[in-house]
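Work through the exercises below with the sequence and the model open side by side. Each task is followed by a solution in steps.

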Amino acid sequence: MKTMASGFRQQARLAWRRGVVYGLALAAAGWAAAIQGAAHGDPYEIHLQEPHEGGMPARPIITSIRTTTNNQVVVTWRGFVDPVTPFLLQGNRGLRSNGWQTLATTYGFSATVPLGDNATFRVAGPSPVFAGSTECSACHRSAHGGWLQTRHGNALASLKRINMHNNSRCLPCHTVGYGLPTGYKSEALTPDLANVGCESCHGPAAAHAANPFDPTTRPVKELASQLCGGCHTDAHHPTFNEWETHLHAEVNEELVAGFLGTEATSLGRMNSCGACHSGSVRYAMLKEPATTNALSTLMTNVFRLPPGVSAGREAAAIGITCVVCHDPHSKTQYGYMLRYPLFSTNAYNMVTSGTNLVQKGYNASVQVCGQCHNGRGADPYGTARAPHYSPQYNILVGNLGVVPTNAPVPMSPHWQLQKQCVDCHMQKVTVTNPTANNPNHTGHNFNPTQTFDKCRDCHTGQDDEWMELLIEFTQEVTRNKMAEVQSNLVLWARTKAPAALRNAGRVVQVVNGVRVTNSVPELAWEFNTPGSLSPAPAGALSWTGPTAAQQTNPTNGLPRAIMEARFNLYMVKQDGSYGVHNNAYTRYLLKVANDKVKAELAR
């Protein structure tokens, strides 16, 4: 297999010089014949699945091979249409240099051919023609003007400063189409293909520029971070490699199921969760923040989804990618092409109801991480469930918890850091001679303990072991204080809660083959869906606390003090840092919570 792939890569390099580009599928049809009906890849895949050097690949990419019951195979690919020269689907039994045979000719992106003895497929097409960024500016003046101010718009100059502007290893990511017959050759011969131009990310656009109204030649709008990963990678700048290891790179499995569910379920999930869990939903909302369109319609319009790809499918495909935080067309006032600032102290608690960002309380002045890492509409007097797993911003800047009115709130100094979250969670490490085993670090794995160098700006003279011990001590103290608050809440539930609440908690289990329902007095203080501090016992079919009506009953419901105490407790729990983000404020929230519960116990 490696020999076959190596042989093809050599052929492909020669073909690029001749002006032909190939997309290869090593998912061999000959193998599929042995398991009739096998499917490889996804015919509806519209996003890059792997990085390609230079950004948007100009060559065709085969996305799926699917055999049919009548001994045929359907090959699907993505690529750039040439108005004159069609794609050629070719097959080769053994990857022999003279063994390629043309099986289909089409201007489309799929072909159905007899399975036969073809072992490998490839799609051939002409080397695409680039228009150059100046040509794009005729219609996209604003985007072009913003791009000119960015580092992308001056990428070749960065090579000149280090005398690497003729280095063939650097040019694919600092110019447009380098290595293709129609791509960048030199600043003198192809000046408009210098720098990371429009077509580096959107693909070759000469055909589109010649006929802007032809939908088949429109440039690509790609949100996947794999696009950026074609250049922002390797030991020198492994931004993509680091991001790929983090949860930002994925859409939560539970949400994927919701996005792909019924139309009503999908739309509901996109409206409530999509803005912070799907890069596609977030981007669509940023394009038209005040839209009154249904979100599914907006998604379809923004992404020009092809038949067979629903808005929910698009939402499920893209995690929190580069473009969620960075604007690729603008040198913003915040630096790093960031859409949002690095520092803010706004009280922010973005609600999850409504169908657009304006209705959700969107505020572009809130710092970049706080856009999603906030309370998400958490309410001290809510009854359904605990606050979302996201109040990190609120803990850092010291708001949203229940504290005495007009009383000074103690704060630790982390909120005053110039870049707040980024200062600790995105620390950079520069290595003298970076290698794959010892690379630079860009901070995009968001690991706050990658290095403690930033910590020592304040914690002067301390080594790594001391810093680790400080974190452990802070978290251990916080957990102990949380346990004390929870223990008092459970004591209140058992001894002071009204009988209606003590009998409201329920666990349903199967015991000796019989379905059994028992009351759980310890849940009297909890939400209707108990939070993670009250995990369900093993094998429980259902696990519920008091209903909303039971909690808010004016006669024998939950006292406001108990609601406020549990809210503070869960705010600290869901923050997840256990005091590291803002130790003084965290301890204060727990003290307020404990005082409130003790007062109820004393009644």
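**Exercise 1. An aromatic cluster**

Task: Trp 77, Phe 87 and Phe 109 form one aromatic cluster. Work out the geometry of its ring pairs, starting with Trp 77 and Phe 87.

Solution: 
- The model is predicted. In it, the structure holds 6 aromatic pairs.
- Take Trp 77 and Phe 87 from that set: their ring centres lie 5.9 Å apart and their planes meet at 75°. Planes over 60 degrees apart count as edge-to-face, so the Trp 77–Phe 87 pair is edge-to-face.
- Trp 77 sits in strand β4 (residues 72-78) and Phe 87 in strand β5 (residues 87-92). The two are 10 residues apart, and the pair links distant parts of the chain.
- Check burial. Trp 77 has a relative accessible area of 3% and is buried. Phe 87 is buried too, at 4%.
- Now turn to Phe 87 and Phe 109. Their ring centres are 5.8 Å apart and the planes are at 50°, so this pair is tilted.
- Phe 109 lies in the loop between β6 (101-106) and β7 (110-114), while Phe 87 is in strand β5, so the pair ties together parts 22 residues apart in sequence.
- Phe 109 is partly exposed, with a relative accessible area of 33%.

**Exercise 2. A strand residue and its spatial partner**

Task: Is Ala 104 buried or exposed? How far is Ala 104 from Leu 88 in sequence and in space?

Solution: 
- Locate Ala 104 in strand β6.
- Its relative accessible area is 15%. Buried means under 20%, so Ala 104 is buried.
- Ala 104 and Leu 88 are 16 residues apart in sequence. Their C-alpha atoms are 5.9 Å apart in space.

**Exercise 3. Salt bridges**

Task: Which aspartates form salt bridges with Arg 456?

Solution: 
- A search of the whole structure gives 11 salt bridges.
- Arg 456 meets Asp 453 in a salt bridge, at 3.1 Å from N to O.
- Arg 456 also forms a salt bridge with Asp 464, where the closest N and O atoms are 2.9 Å apart.
- Compare accessibility. Arg 456 is partly exposed at 24%. Asp 453 is partly exposed at 46%. Asp 464 is partly exposed at 38%.
- Move on to Glu 564 and Lys 596. Their side chains meet in a salt bridge of 2.9 Å, N to O.
- Glu 564 is buried, with a relative accessible area of 9%. Lys 596 is partly exposed, at 24%.
- Finish with a network: salt bridges that share partners join Asp 423, Lys 454 and Asp 457.

**Exercise 4. Charged surface patches**

Task: Which residues form the positive surface patch? Which gather in the patch of negative charge? Examine one residue from each.

Solution: 
- The positive patch is formed by Arg 218, Lys 221, Lys 287 and Arg 304.
- Pick Arg 304. It lies in the loop between α13 (295-303) and α14 (311-317).
- Arg 304 has a relative accessible area of 38% and is partly exposed. A patch residue needs over 30%, and the value for Arg 304 is 38%.
- On the negative side, Asp 463, Glu 465, Glu 468 and Glu 472 gather in a surface patch.
- Pick Glu 468. This residue lies in helix α18 (residues 464-495).
- At 41% relative accessibility, Glu 468 is partly exposed.

**Exercise 5. The whole chain**

Task: How many helices and strands does the chain have? What share of its residues is buried?

Solution: 
- Count the elements: the chain has 22 helices and 11 strands.
- Read off the extent. Along its principal axes, the C-alpha trace spans about 90 × 60 × 50 Å.
- Take the residue total, which is 603. Buried residues make up 46% of them.

Conventions: Residues are numbered from 1 along each chain as its sequence is written. This is a predicted model: local features need pLDDT of at least 70, side-chain atom pairs count only at pLDDT 80 or more; totals for chains, interfaces and linings use all residues. Side-chain values use heavy atoms; hydrogens and water are left out. Patches are made of residues with over 30% relative accessible area and no salt bridge: like charges are joined within 9 Å, nonpolar side chains (Val, Leu, Ile, Met, Phe, Trp, Tyr) within 5 Å. Accessible areas come from the Shrake-Rupley method with a 1.4 Å probe; for residues, only the protein chains shown count as cover. A salt bridge is a side-chain nitrogen of Lys or Arg within 4 Å of a carboxyl oxygen of Asp or Glu. Lys and Arg count as positive and Asp and Glu as negative; His and the chain ends are not counted. The place of a charge is taken as NZ of Lys, CZ of Arg, CG of Asp or CD of Glu. Helices (H or I, at least four residues) and strands (E, at least two) are DSSP runs, numbered from the N terminus. Buried means under 20% relative accessible area, exposed over 50%, partly exposed in between (1.4 Å probe, protein chains only). Rings of Phe, Tyr and Trp (its six-membered ring) pair if their centres lie within 6.5 Å; planes under 30 degrees apart count as stacked, over 60 as edge-to-face and the rest as tilted.
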